[in-house]
Amino acid sequence: MATKNVDPRRDIWGALIAESEETKTELGGNDSHFLFIGGMKSGKSSLQNAFFNRTDEPRPTLALSYQSCNIHAQEQEKTLQFWELGSGMKLEQILNSIITPEIQKNFYVFICFNLNSFSSISDAIEWLPVILRRFKSGIGACFLVATHYDEFEEKDPSEKAKIINGFFSLCYQYGSGLITFSPKDDFLISRFKSLVKSFVI
């Protein structure tokens, strides 16, 4: 005996299910996501610790770490999700498990590197085009983060100018931003916190 197609909206449960399918959004789709990548000892964890006002020594990230918090902005409670990818380009595929086309516009990417380490700088330069290709349909923003700035400040002024100008040129080429950071500099910590909060607002 053939079954008759029934309009789900004529059934109370069918109507509720149909309505929920029309209005559902992906989990975390309206949250702000912050992704930290870079080589070993590039300052990824220290940057997040500064935002959370932690002073403990960060442990190495083996693959992917996660933490979140809520802040009040414009009379609303906003959820911030922080993701940190461990060192190594081979781990890029892990991002497939957290980034989807529906929510990638809410991702803000920080590519961290130690200003005083050539290998760390090289890792960041390698990561930049990879990340921008992955997010070619658009993200919130992408930044190169030059960490260990307190040590860099001791270098010769002319040498510092050449290095920073080189990074500005690289950022201009790829359409990214450049910020400096040191957990020992209160001004740089405050500036980073304000930057994160401005994205949420």
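The entries below go from the sheet to its central strand pairings, then to the helices and the cores.

Entry 1, ground rules. I am working from a predicted model, in which local features need pLDDT of at least 70 and side-chain atom pairs count only at pLDDT 80 or more, while totals for chains, interfaces and linings use all residues. Residues are numbered from 1 along each chain as its sequence is written, and side-chain values use heavy atoms, with hydrogens and water left out.

Entry 2, the sheet. I took helices (H or I, at least four residues) and strands (E, at least two) as DSSP runs numbered from the N terminus, and counted two strands as paired if DSSP finds at least two bridges between them. I found six strands in an open sheet with mixed pairing, in the order S2-S3-S1-S4-S5-S6. S2 (64-73) and S6 (177-180) each have a single partner strand, so one side of each edge strand is left without a neighbour in the sheet.

Leu35 has Trp83 as its bridge partner in S3 and stands opposite Val109 in S4. Seven of the seven residues of S1 are buried, where buried means under 20% relative accessible area, exposed over 50% and partly exposed in between (1.4 Å probe, protein chains only). Ser32, Phe34, Phe36 and Gly38 point one way, and His33, Leu35 and Ile37 the other. I noted the general rule that side chains alternate between the two faces of the sheet in a regular strand.

Entry 4, strand S6. I saw that S5 (residues 141-147) pairs with S6 in the parallel sense over four bridges, and that Ala146 has Thr180 as its bridge partner there.

A nonpolar core is a set of buried Ala, Val, Leu, Ile, Met, Phe, Trp, Tyr and Cys residues joined through side-chain atoms within 4.5 Å. The largest one has 33 residues, and Val109, Ile111 and Leu144 have the most contacts inside it. Helix H3 (118-134) is among the elements that supply at least two residues, and H3 gives the most, with six. Leaving aside neighbours within four places in sequence, I listed the contacts of Val109 (heavy atoms within 4.5 Å); among them are Leu35, Ile37, Ile131 and Phe143. A second, separate core of 25 residues includes Cys69, Cys112, Ile189 and Phe192.
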